[in-house]
Structures are given as structure tokens and as C-alpha cells.
Amino acid sequence: MAKAKKRAIPRRGNAAKLAEEANIGRETIDWSAVKPEDYRNSVLETLRHYGYFYEKKSYVSWSIEWIKANRPSDLKTFKASEDWRVSATLAGLMKMQMMGAELEQSAIDFISDSLEEILSHGRRNIELKTEVVEEDTTVEVKRKNPAELLKEKTNVIIGDIEGFIDDHLDGVLDAKFSLYTHLKAINAATQSARDIVTHYKEVEQELKELVEDKVDYLVEGYNHLSLSEQKKLYKLISSFVSDGEKYVLSKKATRKPRAKKATPATKQVEKVIYQKESAEYKITSTSPAYIVGATEVYLFNTKTRVIKYLVTNNNDGFIVKGTSIKNYDEELSFKKKLRKPQETIDSINKVTKLRALKALKAVKTAQKPTDGRINADTVILKVNK
């Protein structure tokens, strides 16, 4: 299986481990000796023990042994998936079952559902894997296609993010760390960012069920973390999802127009000076060339926190002269000063054309007439054709 960044686990002497086990819980070895009334508590205590004293390498090893014993035909597919998909709860339940524990039906269902999710990713990875074709004595190695190469890069990024999560759990992650900034720094592909958002939305949902719904096996699986640490982890993962979504929007905004449409538009916007991106608000300007021929545009001044909404009913859309947008409807266009810029910007960026305008009009500040000027503090927030 593909490997993520390893998390350093401090060595423990026998005396120290025994002291910690008194608080964390001991591992049950002989399940036949466990009384029926103590069975459930023994399962939960053993899960806590595994979650605290072991690391990802052990979890993967246990799960592979379980696959060999129970579903050997799925071993190749399981190994084709990534290591970080194996949770401590899944591996712990598998190990207990291998040692003779009779698990409740809910735990058995958890193993089945989690395993199927891992296998689905393994199947997809196998489909993308480089094929070696043998014909007589000639061996032809097919080159990896762009989709395969992108998949590899995405897995590397996710591995790095898992490392950041480990740093957070160890208390060494920079408090100012931003996944948006990290993705910008490595110039991650848009599709990689989408895949990252999809993956961590699942993790976010799991943590939501842990923190808010107190799902039984999740509570035990994360029992090595205090309630405060669980909430902080939930907040971190939610920020990763939000930053990933903002990064996707920023990449979409900076795509260049098609060559056949860009030529006249590029000439019109040659003298336009604008702010290409804002680290403070985590936004990136759309290319000014997109304004030409458009019917709506949102301009945000990062210095004054004033947002301009320009709209036109002209059949040819907007035109640009110098540093100003022309052909806009002076009666329907307006500007407002934002008290909570990030909240309004997020609303405008994530919704449809009609809902974006509705969200802006709902801002409880004065609506004033506007001009079409663009300056060095202006981010071209959104353009609609």
C-alpha cells in the first residue's frame, strides 16, 4: 500500500507502559476467559489500548493478516489502496476478531463497510496502474498517462497532509498553517485539490459524527484523544476542506480565456492594473480579459472593503477602456462597504448568479451608486457571462 508520512512514537519502558495502561486500558489476549457481562467493556478498552500504543504500520499489518485469513481473494486489491485509509478502529476490530473475540453485529458491519470503501479505492488504483505487456521475448512497458501521474501526485499531497495532521496531534504544527497557502506554494493541480476536498469531507463527516452525535465506535476509536483534542481536530479538518474549496475557486479564476476569444479582450485590458490575489482573504482575481463581453462583475477593494456590483443589459456586454469598465447600467449597478468581508465573499463565490446578488443585497450597509474603475487594490472577484 502507498505510504504516508510516519508519525514518531516515543519509546516506552515496561514500567512506563504499565503506568499508562492503568489509565488507557489493557489489551485483552484471551477472549474465551472474558465474562459475557464484561465483554463490551473489554472490546472498548482494547480499542483504546490499540489507538494509543500503536501506529499506522501496525494497523496495516493487522488488517493484511485479517484479509489473508478471511478474504484472501481481496488481498491484492487491498494492498493497492493507500495505507492512510486503514483506521485504528478498523484494524483493532480485525485484530480482536483474529484473536477469537465475538464482535457485535454493529462492529462486524463497520468492518465490512470500511473494508469495501478501501477496496473500491484499491480497484481504481489497479485500473490506473502501469501495465507491463509481454509479447514473445519483447517486454513493452507502457508509459503512465496524465491521469495516472496526477493520481500519484495527489497521493503524495494527501500523504503530506496526513503528516500535517500528525504534527497537529503532536502539538508542533504552526498555528498559522494554511492548506490554501500550502497548495499555492506547490502549485497543486485543480483536480488534485478536488480529490483532496472529497477525501477530507468524508473525514470531516466522521469527526462531526464523533463530536456531535457521539457514535459509539468512533468515540472508542478516538478515545486516545480528549474531547477538546477531538474538537480541535474537527476544526482543523474543516479548515482543510474550506481551504481546498477556496483553492479550487482560485485556480478556476486564473484560467486563461480561449485563444480565439482572448485576442480582442487582451488588447482592451492591456492597461488594467488590479490586485491579482489577496492572502488576507484567500481570493484570487479572475483574468480581466473575462470582463469583456460579460454581463455581471463583482469587484472587491481589499483596502477599503468596498464591493462593487456592475451589470449590463447591452447585447455586447461590457467593454474596457483604460482602467474602467464601460457599458454598465448605472441604475442597477451599486456598491456597498462590507463589515464581514470573508463571509460575504464566500457566499458570493460559492453560489449561483442569482443567489450571489441576493446575498450581496442582504448585507445591511448602505447601497450607493458606483463607477466602473479598477485600481491596484481591486480584486476581480467574480464574472458572469
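Biologist: What order do the 4 strands of the open sheet come in?
Modeller: Reading across, the order is E9-E6-E5-E10, with antiparallel pairing. Strands (E, at least two residues) and helices (H or I, at least four) are DSSP runs numbered from the N terminus, and two strands pair if DSSP finds at least two bridges between them. It's a predicted model, so local features need pLDDT of at least 70 and side-chain atom pairs 80 or more, while totals for chains, interfaces and linings use all residues. Residues count from 1 along each chain as its sequence is written, and side-chain values use heavy atoms, leaving out hydrogens and water.

Biologist: Which strands sit at the edges?
Modeller: E9 (334-337) and E10 (378-384), and each of them pairs on one side only.

Biologist: How many bridges link E6 and E9?
Modeller: There are 4, in the antiparallel sense, with E6 covering residues 306-311. If you want a spot to look at, Ile307 stands opposite Lys336 in E9.

Biologist: And what's the average twist?
Modeller: 15° from one strand to the next, with axes fitted to C-alpha atoms (for helices, over the stretch in contact) and angles of 0 to 180 degrees between N-to-C directions.

Biologist: Which strands does helix H13 lie across?
Modeller: H13, residues 341-350, lies across E5 (296-301), E6 and E10. Its angle to E10 is about 25°. Contact here means heavy atoms within 4.5 Å.

Biologist: New topic: how many salt bridges are there?
Modeller: The count is 13, taking a Lys or Arg side-chain nitrogen within 4 Å of an Asp or Glu carboxyl oxygen.

Biologist: Which residue does Asp216 meet in a salt bridge?
Modeller: Arg40, at 2.0 Å from N to O.
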